[in-house]
Amino acid sequence: MTPEAAMRLAIKQAEQVKGSTYPNPPVGAVILDRDGQIAGVGGTQPVGGPHAEVVALQVAGDRAKGGTAVLTLEPCNHHGRTPPCVDALLTAGISTVIFAVSDPNPEAEGGAQRLSDSGVTVSAGVLADEVEKGPLREWLHKQRTGSPHVTWKFATSVDGRSAAADGSSQWITSEAARADVHRKRAVAEAIVVGTGTVFVDDPTLTARRPDGSLADRQPLRVVVGMREVSPDANVLNDDSRTMLIRTHDPHEVLRSLGDRTDVILEGGPTLAGAFLRAGVINRIVAYVAPILLGGPITAVDDIGVLSMVHAQRWRFDGINAIGPDVRLSLVPNG
């Protein structure tokens, strides 16, 4: 197996454990034996459990000796809740380590250097872009900035309307698009909406399987605004935990969520506009349906743009068909 093929398998493992490893990064690992055959595959386990390298080494057993470890993230070199992954690799007799992204955490960095000093051949940067835009996107942002990664997610008609003129919005997008949203909710750590959305839509804000049952893992539900929320609101039911934040300041919201990594903004046009004006949105995911609605209800309110000169510039980093709809992923331009 080529290093690239092994890395794609490691990325797949990382995607499968994403959402369950917080506050640790979702990492994937593949162990190849001396002949380049797959000997072990693993992903980081929930906090307190083994990291991806250890899981894959346990599966590989004696076949790891003289083999190659392919990892989405540089192996850690510090003792946290578990021993350093570098120790496990050296003890197993791995001869080559290939990883995609260097660890930006100053407490954990240095794994590559220690491996190299111990005679292990080390190669970095393999499919780094795919890993950075994939399973490690949010964790890397948190490590580099200290702030949660915020994704604004919304559904819209092709003419930019989030609801019909009478306020009805169920359903703009298809069942396939809604299922995709639930998959993303299931790996997020928090979903943020405003009190207006709670009053108008009375959402539950849960992650559900295609059969309608609750997913095993639920994000924290966050309601932002000064108005009181009815104790009978769906967002206060027992399906998940809920945080009420009495503010209109996006910066204050993110400070309250400072221990989180992956935050999804699902609020209406007013809240979206506030977060965009504050410059705290790191990614936009728009589900665009091939319908026309017209009318006054747009996906976002005023964001402070008075002319084209002041337009916020974003660039696409993903365009995918989801059933009859299109999912657009955008990141800030530059």
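How many nonpolar, polar and charged residues make up the lining of the largest cavity?

**Before starting**

The model is a predicted one, in which local features need pLDDT of at least 70 and side-chain atom pairs count only at pLDDT 80 or more, while totals for chains, interfaces and linings use all residues. Residues are numbered from 1 along each chain as its sequence is written, and side-chain values use heavy atoms, with hydrogens and water left out.

**Stop 1: the two domains**

Select residues 3-139 and then 148-332, which are domain 1 and domain 2; such bounds come from an automatic or database domain assignment. The centres of domain 1 and domain 2, taken over C-alpha atoms, are 33 Å apart. Across the boundary, eight residues of domain 1 are in contact with 11 residues of domain 2, where contact means heavy atoms within 4.5 Å.

**Stop 2**

Helices (H or I, at least four residues) and strands (E, at least two) are DSSP runs, numbered from the N terminus. Two strands pair if DSSP finds at least two bridges between them.

Display the open sheet of five strands, whose order is 2-1-3-4-5 and whose pairing is mixed. Strand 2 (38-43) and strand 5 (121-124) are the edge strands, each pairing on one side only. From one strand to the next, the twist averages 15°. Axes here are lines fitted to C-alpha atoms, for helices over the stretch in contact, and angles run from 0 to 180 degrees between N-to-C directions.

Next select strand 4 (residues 96-101), which pairs with strand 5 in the parallel sense over four bridges. Ile 98 has Ser 123 of strand 5 as its bridge partner.

**Stop 3**

Move on to the open sheet of eight strands, with the order 9-8-7-10-6-11-13-12 and mixed pairing. Its edge strands, each pairing on one side only, are strand 9 (242-245) and strand 12 (314-322). Neighbouring strands of this sheet are turned by 20° against each other on average, direction ignored.

Within it, select strand 7 (residues 190-194) and strand 10 (residues 262-265), which run parallel and are joined by three bridges. Ile 191 stands opposite Ile 264 of strand 10. Helix 6 (residues 137-145) lies across strand 6 (149-157), strand 10, strand 11 (283-289), strand 12 and strand 13 (325-332). Helix 6 runs at about 135° to strand 6.

**Stop 4**

Most residues other than glycine have a negative phi, and most peptide bonds are trans.

- Tyr 22 and Pro 23 are joined by a cis peptide bond with omega of about 5°; Pro 23 is in the loop between helix 1 (3-17) and strand 1.
- Gln 170 and Trp 171 are also joined by a cis peptide bond, with omega of about -5°; Trp 171 is in the loop between strand 6 and helix 7.
- Leu 127 has a positive phi, near 55°, and is in the loop between strand 5 and helix 5 (128-133).

**Stop 5: the spaces between the domains**

On a 1 Å grid over the protein atoms alone, a cavity is a set of points where a 1.4 Å probe fits but cannot get out; a pocket is an open set with protein on both sides within 12 Å along at least five of seven lines; and lining residues have an atom within 4 Å of a point. Grid points are joined across faces, edges and corners, and a volume is the space filled by probe spheres set on the points.

The second largest pocket holds about 670 Å³ of space. Its lining has 26 residues, with Glu 15, Lys 18, Lys 133, Lys 184 and Arg 283 nearest the centre. Helix 7 (residues 175-187) gives the most to this lining, with four residues. By class, the lining has six nonpolar, five polar and 15 charged residues. Ala, Val, Leu, Ile, Met, Phe, Trp, Tyr, Cys and Pro count as nonpolar, Asp, Glu, Lys and Arg as charged, and the others, Gly among them, as polar. Domain 1 and domain 2 both give residues to the lining of this pocket, so the pocket lies between them.

Finally, select Lys 18, Pro 26, Trp 139, Glu 189 and Thr 261, which lie nearest the centre of the largest cavity among its 14 lining residues. About 120 Å³ of space lies in this cavity, and the structure holds one cavity of 30 Å³ or more. Both domains give residues to the lining of the largest cavity, so this cavity too lies between them. The opening question is answered here: the lining of the largest cavity has six nonpolar, four polar and four charged residues.
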